[in-house]
Amino acid sequence: MTTLLREHAEQQFAEELEEIKKQDQQQVPPNWDMSPWAVVTYLVGGKLKNGFQITPKYIGERRLMEIAVATLTTDRALLLYGLPGTAKSWVAEHLAAAISGNSTLMIQGTAGTGEEAIRYGWNYARLLAEGPSDAAVVPTPLMKAMQTGKIARVEELTRISADVQDTLITILSEKKLPVPELGKEIQAQRGFNLIATSNNRDKGVNDLSSALKRRFNTVILPVPATMEEEVAIVKQRVESLGKVLALPAEPPALEEIRRIVTIFRELRAGVTQDGKTKIKSPSSTMSTAEAISVVNSGMALSGYFGDGSLNAEDIASSLIGAVVKDPVQDAVVWKEYLETVVKGRDGWKDIYRACRDHI
(Lines give C-alpha, C1' and ligand atoms only; values in the text may rest on other atoms or scores of the structure.)
Protein backbone atom coordinates (compact mmCIF):
# COMPACT_ATOMS: atom_id res chain seq x y z
CA MET A 1 0.00 0.00 0.00
CA THR A 2 1.36 3.41 -0.93
CA THR A 3 2.17 5.93 1.79
CA LEU A 4 1.72 8.87 -0.58
CA LEU A 5 -1.06 11.27 0.30
CA ARG A 6 -1.83 11.77 -3.38
CA GLU A 7 -0.45 9.70 -6.24
CA HIS A 8 -0.11 11.03 -9.76
CA ALA A 9 -2.92 9.95 -12.06
CA GLU A 10 -0.68 7.56 -13.99
CA GLN A 11 0.25 5.85 -10.72
CA GLN A 12 -3.20 5.74 -9.15
CA PHE A 13 -4.88 4.37 -12.29
CA ALA A 14 -1.94 2.37 -13.68
CA GLU A 15 -4.01 -0.82 -13.95
CA GLU A 16 -6.76 0.88 -15.93
CA LEU A 17 -4.30 2.57 -18.27
CA GLU A 18 -2.51 -0.72 -18.91
CA GLU A 19 -5.77 -2.58 -19.55
CA ILE A 20 -6.99 0.06 -22.01
CA LYS A 21 -3.70 -0.13 -23.92
CA LYS A 22 -4.12 -3.90 -24.26
CA GLN A 23 -7.62 -3.48 -25.72
CA ASP A 24 -6.80 -0.43 -27.85
CA GLN A 25 -6.94 -1.25 -31.57
CA GLN A 26 -7.47 2.29 -32.89
CA GLN A 27 -4.87 4.48 -34.61
CA VAL A 28 -2.39 6.00 -32.14
CA PRO A 29 -0.99 9.49 -32.94
CA PRO A 30 2.81 9.89 -32.98
CA ASN A 31 4.36 9.60 -29.51
CA TRP A 32 1.00 9.02 -27.78
CA ASP A 33 0.57 6.11 -25.40
CA MET A 34 -2.90 5.28 -26.72
CA SER A 35 -5.46 6.30 -29.31
CA PRO A 36 -7.82 9.27 -28.91
CA TRP A 37 -10.72 6.79 -28.48
CA ALA A 38 -8.86 5.10 -25.62
CA VAL A 39 -8.07 8.44 -23.94
CA VAL A 40 -11.75 9.44 -23.98
CA THR A 41 -12.74 6.01 -22.65
CA TYR A 42 -10.26 6.44 -19.80
CA LEU A 43 -11.75 9.85 -18.98
CA VAL A 44 -15.47 9.09 -19.15
CA GLY A 45 -15.32 5.44 -18.11
CA GLY A 46 -17.04 2.36 -19.47
CA LYS A 47 -16.71 -1.38 -19.93
CA LEU A 48 -14.01 -2.75 -22.22
CA LYS A 49 -14.59 -5.70 -24.56
CA ASN A 50 -13.04 -8.09 -22.04
CA GLY A 51 -15.43 -6.89 -19.32
CA PHE A 52 -12.90 -4.73 -17.47
CA GLN A 53 -14.62 -1.71 -15.92
CA ILE A 54 -13.01 1.75 -16.34
CA THR A 55 -14.03 4.24 -13.66
CA PRO A 56 -15.15 7.67 -14.92
CA LYS A 57 -12.70 10.49 -14.18
CA TYR A 58 -15.01 13.10 -15.67
CA ILE A 59 -18.76 12.87 -15.17
CA GLY A 60 -20.40 15.05 -17.75
CA GLU A 61 -20.88 15.44 -21.50
CA ARG A 62 -18.68 12.99 -23.42
CA ARG A 63 -18.53 15.33 -26.41
CA LEU A 64 -16.51 17.87 -24.42
CA MET A 65 -13.82 15.27 -23.77
CA GLU A 66 -13.83 14.24 -27.43
CA ILE A 67 -13.29 17.87 -28.47
CA ALA A 68 -10.49 18.28 -25.91
CA VAL A 69 -8.68 15.12 -27.05
CA ALA A 70 -9.15 15.91 -30.74
CA THR A 71 -7.62 19.35 -30.16
CA LEU A 72 -4.47 17.79 -28.74
CA THR A 73 -3.97 15.77 -31.94
CA THR A 74 -3.65 19.04 -33.89
CA ASP A 75 -1.17 21.92 -33.75
CA ARG A 76 -3.43 23.95 -31.46
CA ALA A 77 -3.07 23.97 -27.70
CA LEU A 78 -5.99 23.29 -25.37
CA LEU A 79 -7.42 25.79 -22.88
CA LEU A 80 -9.78 24.36 -20.26
CA TYR A 81 -11.90 27.26 -19.08
CA GLY A 82 -14.64 27.60 -16.48
CA LEU A 83 -15.64 28.43 -12.95
CA PRO A 84 -13.51 27.26 -10.01
CA GLY A 85 -14.25 23.68 -9.04
CA THR A 86 -15.34 22.46 -12.49
CA ALA A 87 -12.54 19.83 -12.66
CA LYS A 88 -10.25 21.73 -15.05
CA SER A 89 -7.01 20.68 -13.32
CA TRP A 90 -8.36 17.17 -12.75
CA VAL A 91 -9.16 16.72 -16.44
CA ALA A 92 -5.83 18.24 -17.51
CA GLU A 93 -3.90 15.84 -15.28
CA HIS A 94 -5.75 12.79 -16.57
CA LEU A 95 -5.38 13.88 -20.19
CA ALA A 96 -1.60 14.16 -19.75
CA ALA A 97 -1.47 10.83 -17.91
CA ALA A 98 -3.37 8.99 -20.64
CA ILE A 99 -1.64 10.61 -23.61
CA SER A 100 1.94 10.84 -22.34
CA GLY A 101 2.03 8.52 -19.33
CA ASN A 102 3.38 11.51 -17.42
CA SER A 103 1.23 14.21 -15.80
CA THR A 104 4.10 15.88 -13.90
CA LEU A 105 5.34 18.27 -16.62
CA MET A 106 3.39 21.12 -15.04
CA ILE A 107 3.92 24.84 -14.42
CA GLN A 108 1.83 26.43 -11.67
CA GLY A 109 0.78 29.91 -12.69
CA THR A 110 0.93 32.66 -10.07
CA ALA A 111 1.43 36.42 -10.05
CA GLY A 112 5.11 35.71 -9.38
CA THR A 113 5.67 33.29 -12.26
CA GLY A 114 8.46 34.64 -14.48
CA GLU A 115 9.72 33.87 -17.97
CA GLU A 116 12.37 31.51 -16.60
CA ALA A 117 9.62 29.24 -15.21
CA ILE A 118 8.18 28.84 -18.70
CA ARG A 119 11.20 28.98 -21.03
CA TYR A 120 14.32 27.87 -19.11
CA GLY A 121 16.52 28.89 -16.20
CA TRP A 122 20.22 28.78 -15.40
CA ASN A 123 22.43 27.00 -12.93
CA TYR A 124 24.16 30.20 -11.87
CA ALA A 125 27.14 28.45 -10.29
CA ARG A 126 27.97 26.77 -13.60
CA LEU A 127 27.04 29.87 -15.56
CA LEU A 128 29.55 31.99 -13.63
CA ALA A 129 32.22 29.31 -13.74
CA GLU A 130 31.86 28.16 -17.35
CA GLY A 131 29.74 30.74 -19.11
CA PRO A 132 26.59 29.88 -21.10
CA SER A 133 26.49 26.20 -22.00
CA ASP A 134 24.03 23.36 -22.39
CA ALA A 135 25.14 22.02 -19.01
CA ALA A 136 24.26 25.33 -17.33
CA VAL A 137 20.69 25.38 -18.68
CA VAL A 138 17.96 24.32 -16.25
CA PRO A 139 15.10 22.99 -18.40
CA THR A 140 11.54 23.82 -17.41
CA PRO A 141 8.70 21.26 -17.61
CA LEU A 142 7.66 22.93 -20.88
CA MET A 143 11.14 22.56 -22.38
CA LYS A 144 11.27 18.91 -21.29
CA ALA A 145 7.88 18.29 -22.91
CA MET A 146 9.11 19.81 -26.18
CA GLN A 147 12.30 17.72 -26.14
CA THR A 148 10.47 14.46 -25.44
CA GLY A 149 7.22 14.99 -27.35
CA LYS A 150 5.00 14.96 -24.27
CA ILE A 151 2.05 16.98 -22.97
CA ALA A 152 2.90 19.98 -20.78
CA ARG A 153 0.45 21.69 -18.44
CA VAL A 154 0.11 25.30 -17.29
CA GLU A 155 -2.23 25.69 -14.34
CA GLU A 156 -4.05 29.00 -13.84
CA LEU A 157 -2.64 30.61 -16.98
CA THR A 158 -4.45 33.89 -16.38
CA ARG A 159 -2.79 34.35 -12.99
CA ILE A 160 0.49 34.84 -14.85
CA SER A 161 1.20 38.44 -15.92
CA ALA A 162 0.35 39.25 -19.53
CA ASP A 163 3.93 39.87 -20.68
CA VAL A 164 5.05 36.48 -19.32
CA GLN A 165 2.01 34.75 -20.86
CA ASP A 166 3.11 35.99 -24.26
CA THR A 167 6.37 34.02 -24.07
CA LEU A 168 4.16 31.08 -25.07
CA ILE A 169 3.27 32.60 -28.45
CA THR A 170 6.43 31.53 -30.29
CA ILE A 171 6.37 28.11 -28.64
CA LEU A 172 2.77 27.46 -29.67
CA SER A 173 2.94 28.95 -33.16
CA GLU A 174 6.43 27.98 -34.29
CA LYS A 175 6.82 24.90 -32.06
CA LYS A 176 10.30 26.05 -31.09
CA LEU A 177 11.98 27.67 -28.11
CA PRO A 178 14.85 30.05 -28.93
CA VAL A 179 17.88 29.96 -26.62
CA PRO A 180 19.73 33.09 -27.85
CA GLU A 181 22.48 32.81 -25.21
CA LEU A 182 23.61 29.57 -26.88
CA GLY A 183 22.73 30.58 -30.45
CA LYS A 184 20.33 27.64 -30.79
CA GLU A 185 16.71 26.66 -30.47
CA ILE A 186 14.76 23.73 -29.06
CA GLN A 187 12.40 22.26 -31.63
CA ALA A 188 9.37 20.38 -30.35
CA GLN A 189 9.18 16.66 -31.04
CA ARG A 190 6.00 15.13 -32.46
CA GLY A 191 3.46 14.52 -29.72
CA PHE A 192 4.20 17.78 -27.90
CA ASN A 193 1.28 19.98 -26.94
CA LEU A 194 0.10 22.18 -24.12
CA ILE A 195 -2.94 22.07 -21.83
CA ALA A 196 -3.68 25.27 -19.91
CA THR A 197 -6.40 25.94 -17.35
CA SER A 198 -8.06 29.22 -16.48
CA ASN A 199 -11.09 30.44 -14.59
CA ASN A 200 -13.16 33.57 -14.94
CA ARG A 201 -14.25 34.07 -11.35
CA ASP A 202 -11.24 34.54 -9.05
CA LYS A 203 -9.67 37.91 -8.40
CA GLY A 204 -6.18 38.68 -9.65
CA VAL A 205 -6.54 37.26 -13.15
CA ASN A 206 -5.05 38.72 -16.34
CA ASP A 207 -6.74 38.59 -19.72
CA LEU A 208 -5.05 36.64 -22.48
CA SER A 209 -3.80 38.64 -25.44
CA SER A 210 -5.67 38.09 -28.70
CA ALA A 211 -2.47 36.65 -30.21
CA LEU A 212 -2.25 34.03 -27.47
CA LYS A 213 -5.96 33.23 -27.58
CA ARG A 214 -5.62 32.32 -31.25
CA ARG A 215 -3.12 29.61 -30.33
CA PHE A 216 -5.65 27.83 -28.12
CA ASN A 217 -8.82 25.92 -28.73
CA THR A 218 -11.03 26.67 -25.72
CA VAL A 219 -13.22 24.05 -24.08
CA ILE A 220 -15.53 25.42 -21.40
CA LEU A 221 -16.15 22.97 -18.57
CA PRO A 222 -19.58 23.73 -17.08
CA VAL A 223 -20.83 23.08 -13.58
CA PRO A 224 -22.61 19.69 -13.41
CA ALA A 225 -25.80 19.93 -15.43
CA THR A 226 -28.01 17.82 -13.16
CA MET A 227 -28.35 16.95 -9.51
CA GLU A 228 -27.58 13.30 -10.30
CA GLU A 229 -24.30 14.20 -12.01
CA GLU A 230 -23.11 16.36 -9.13
CA VAL A 231 -24.12 13.80 -6.50
CA ALA A 232 -22.24 11.10 -8.44
CA ILE A 233 -19.11 13.28 -8.65
CA VAL A 234 -19.15 14.09 -4.93
CA LYS A 235 -19.81 10.46 -3.97
CA GLN A 236 -16.98 9.13 -6.15
CA ARG A 237 -14.40 11.66 -4.99
CA VAL A 238 -15.37 11.35 -1.32
CA GLU A 239 -14.99 7.57 -1.43
CA SER A 240 -11.61 7.88 -3.14
CA LEU A 241 -10.26 10.50 -0.74
CA GLY A 242 -11.69 8.68 2.28
CA LYS A 243 -9.62 5.61 1.43
CA VAL A 244 -6.43 7.60 0.91
CA LEU A 245 -6.87 9.58 4.13
CA ALA A 246 -7.95 6.45 6.02
CA LEU A 247 -10.75 8.32 7.76
CA PRO A 248 -12.32 6.19 10.50
CA ALA A 249 -15.86 6.92 9.37
CA GLU A 250 -18.50 5.09 7.38
CA PRO A 251 -19.04 6.22 3.78
CA PRO A 252 -21.76 8.88 3.93
CA ALA A 253 -25.30 7.94 3.05
CA LEU A 254 -26.33 9.05 -0.43
CA GLU A 255 -29.16 11.12 1.06
CA GLU A 256 -26.69 13.16 3.14
CA ILE A 257 -24.61 13.91 0.05
CA ARG A 258 -27.79 14.83 -1.82
CA ARG A 259 -28.74 17.36 0.87
CA ILE A 260 -25.34 19.06 0.69
CA VAL A 261 -25.40 19.15 -3.10
CA THR A 262 -28.94 20.56 -3.03
CA ILE A 263 -27.81 23.42 -0.78
CA PHE A 264 -24.85 24.17 -3.03
CA ARG A 265 -26.91 24.09 -6.24
CA GLU A 266 -29.65 26.30 -4.83
CA LEU A 267 -27.28 28.93 -3.44
CA ARG A 268 -25.27 28.85 -6.66
CA ALA A 269 -28.35 29.28 -8.87
CA GLY A 270 -30.18 31.77 -6.64
CA VAL A 271 -33.37 29.73 -6.72
CA THR A 272 -34.70 26.59 -5.04
CA GLN A 273 -34.75 23.28 -6.92
CA ASP A 274 -38.49 23.52 -7.57
CA GLY A 275 -38.06 27.02 -9.00
CA LYS A 276 -40.63 28.51 -6.64
CA THR A 277 -38.43 30.56 -4.30
CA LYS A 278 -35.76 33.03 -5.31
CA ILE A 279 -32.85 33.35 -2.90
CA LYS A 280 -29.69 35.42 -2.68
CA SER A 281 -26.35 33.89 -3.66
CA PRO A 282 -23.26 34.25 -1.46
CA SER A 283 -19.93 35.63 -2.69
CA SER A 284 -18.36 32.15 -2.55
CA THR A 285 -18.32 30.00 -5.69
CA MET A 286 -20.21 27.05 -4.14
CA SER A 287 -18.32 24.68 -6.43
CA THR A 288 -18.48 20.90 -6.57
CA ALA A 289 -14.93 20.79 -5.20
CA GLU A 290 -16.08 22.68 -2.10
CA ALA A 291 -19.01 20.29 -1.66
CA ILE A 292 -16.52 17.40 -1.66
CA SER A 293 -14.46 19.23 0.97
CA VAL A 294 -17.53 19.73 3.17
CA VAL A 295 -18.34 16.01 3.12
CA ASN A 296 -14.73 15.02 3.82
CA SER A 297 -14.46 17.46 6.73
CA GLY A 298 -17.70 16.10 8.13
CA MET A 299 -16.37 12.54 7.85
CA ALA A 300 -13.23 13.55 9.76
CA LEU A 301 -15.30 15.06 12.57
CA SER A 302 -17.58 12.03 12.64
CA GLY A 303 -14.73 9.52 12.61
CA TYR A 304 -12.49 11.14 15.20
CA PHE A 305 -14.98 12.95 17.44
CA GLY A 306 -18.32 11.28 16.76
CA ASP A 307 -19.83 7.86 16.28
CA GLY A 308 -18.41 7.32 12.79
CA SER A 309 -21.72 7.98 11.05
CA LEU A 310 -22.00 11.31 9.24
CA ASN A 311 -24.83 13.50 10.50
CA ALA A 312 -26.00 17.11 10.42
CA GLU A 313 -23.85 18.13 13.39
CA ASP A 314 -20.73 16.89 11.61
CA ILE A 315 -21.33 18.83 8.41
CA ALA A 316 -22.75 22.09 9.82
CA SER A 317 -19.48 23.85 10.63
CA SER A 318 -17.83 22.92 7.32
CA LEU A 319 -20.97 23.88 5.43
CA ILE A 320 -21.05 27.31 7.03
CA GLY A 321 -17.34 27.75 6.33
CA ALA A 322 -17.92 27.01 2.65
CA VAL A 323 -20.84 29.44 2.35
CA VAL A 324 -19.81 32.32 4.59
CA LYS A 325 -16.63 33.79 3.11
CA ASP A 326 -17.67 37.38 3.82
CA PRO A 327 -18.62 37.51 7.53
CA VAL A 328 -21.15 40.28 6.96
CA GLN A 329 -22.73 39.90 3.54
CA ASP A 330 -22.63 36.09 3.30
CA ALA A 331 -23.84 35.63 6.88
CA VAL A 332 -27.02 37.53 6.00
CA VAL A 333 -27.53 35.42 2.86
CA TRP A 334 -27.00 32.18 4.82
CA LYS A 335 -29.38 33.09 7.66
CA GLU A 336 -32.06 34.09 5.18
CA TYR A 337 -31.64 30.79 3.30
CA LEU A 338 -31.91 28.81 6.54
CA GLU A 339 -35.12 30.57 7.59
CA THR A 340 -36.89 30.68 4.22
CA VAL A 341 -35.84 27.35 2.72
CA VAL A 342 -34.18 24.91 5.14
CA LYS A 343 -36.47 25.46 8.12
CA GLY A 344 -39.65 24.41 6.36
CA ARG A 345 -38.25 21.53 4.32
CA ASP A 346 -39.41 18.04 5.32
CA GLY A 347 -36.67 15.95 6.92
CA TRP A 348 -34.27 18.87 7.22
CA LYS A 349 -34.98 19.91 10.83
CA ASP A 350 -31.69 18.38 12.03
CA ILE A 351 -29.53 20.34 9.63
CA TYR A 352 -31.50 23.51 10.33
CA ARG A 353 -30.94 23.20 14.09
CA ALA A 354 -27.25 22.26 13.70
CA CYS A 355 -26.55 25.25 11.44
CA ARG A 356 -28.50 27.63 13.69
CA ASP A 357 -26.55 26.41 16.74
CA HIS A 358 -23.23 27.01 14.97
CA ILE A 359 -24.24 30.51 13.93
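Residues are numbered from 1 along each chain as its sequence is written, and side-chain values use heavy atoms, with hydrogens and water left out. Since the model is predicted, local features need pLDDT of at least 70 and side-chain atom pairs count only at pLDDT 80 or more, while totals for chains, interfaces and linings use all residues.

To start with the overall picture, the protein chain has 17 helices and 11 strands; helices (H or I, at least four residues) and strands (E, at least two) are DSSP runs, numbered from the N terminus. Along the principal axes, the C-alpha atoms of the protein chain fill a box of roughly 70 × 50 × 40 Å. Of its 359 residues, 48% count as buried, where buried means under 20% relative accessible area, exposed over 50%, and partly exposed in between (1.4 Å probe, protein chains only). Contact here means heavy atoms within 4.5 Å. Among contacts in the protein chain between residues at least 6 apart in sequence, 71% join residues at least 24 apart.

Next come two helix pairs. Two packed helices are described by the angle between their axes and the distance between the axes. The axes are lines fitted to C-alpha atoms, for helices over the stretch in contact, and the angles run from 0 to 180 degrees between N-to-C directions. Helix 4 (residues 62-72) packs on helix 5 (residues 88-100) at an angle of about 50°, and their axes are 12 Å apart. Helix 4 is therefore oblique to helix 5, given that angles under 35 degrees count as roughly parallel, over 145 as roughly antiparallel, 65 to 115 as roughly perpendicular and the rest as oblique. The crossing of this pair is right-handed; a crossing gets that label if the near helix is turned clockwise from the far one, and is left-handed if the near helix is turned anticlockwise by less than a right angle. On the helix 4 side, Met-65, Ala-68, Val-69 and Leu-72 meet Val-91, Leu-95 and Ile-99 of helix 5. By class, that contact has 7 nonpolar, no polar and no charged residues (Ala, Val, Leu, Ile, Met, Phe, Trp, Tyr, Cys and Pro count as nonpolar, Asp, Glu, Lys and Arg as charged, and the others, Gly among them, as polar).

For helix 13 and helix 15, the axes come within 12 Å and cross at roughly 20°. That angle makes helix 13 roughly parallel to helix 15, and the crossing is again right-handed. Glu-256, Arg-259, Ile-260, Ile-263, Phe-264 and Leu-267 in helix 13 meet Ala-312, Ile-315, Leu-319, Ala-322 and Val-323 in helix 15. Here the class count reads 9 nonpolar, no polar and 2 charged residues.

On to the cores. A nonpolar core is a set of buried Ala, Val, Leu, Ile, Met, Phe, Trp, Tyr and Cys residues joined through side-chain atoms within 4.5 Å. The largest one has 38 residues, with Trp-334 and Ile-351 making the most contacts inside it. At least two residues of this core come from each of helix 12 (227-245), helix 13 (254-269), helix 14 (288-305), helix 15 (312-323), helix 16 (329-342) and helix 17 (349-358). Helix 15 gives the largest share, 7 residues. Leaving aside neighbours within four places in sequence, Trp-334 touches Ile-263, Leu-267, Leu-319, Ile-320, Val-323, Val-324, Cys-355 and Ile-359. Another core, of 34 residues, lies apart from the largest one and includes Val-39, Met-65, Val-69 and Ile-151.

Beyond neighbours within four places in sequence, Glu-230 is in contact with Pro-224, Val-261, Arg-265, Arg-268 and Thr-288. Val-234 also sits in helix 12 and is buried, with a relative accessible area of 1%. The C-alpha atoms of Val-234 and Ile-260 are separated by 9.7 Å, the two residues being 26 apart along the chain.

Finally, the backbone. Most residues other than glycine have a negative phi. Ala-87, not a glycine, has a positive phi of about 75°; its place is in the loop between strand 3 (77-81) and helix 5, and at 27% relative accessibility it counts as partly exposed. Met-286 has a positive phi of about 55° and lies in the loop between helix 13 and helix 14, where it is buried at 1% relative accessible area.
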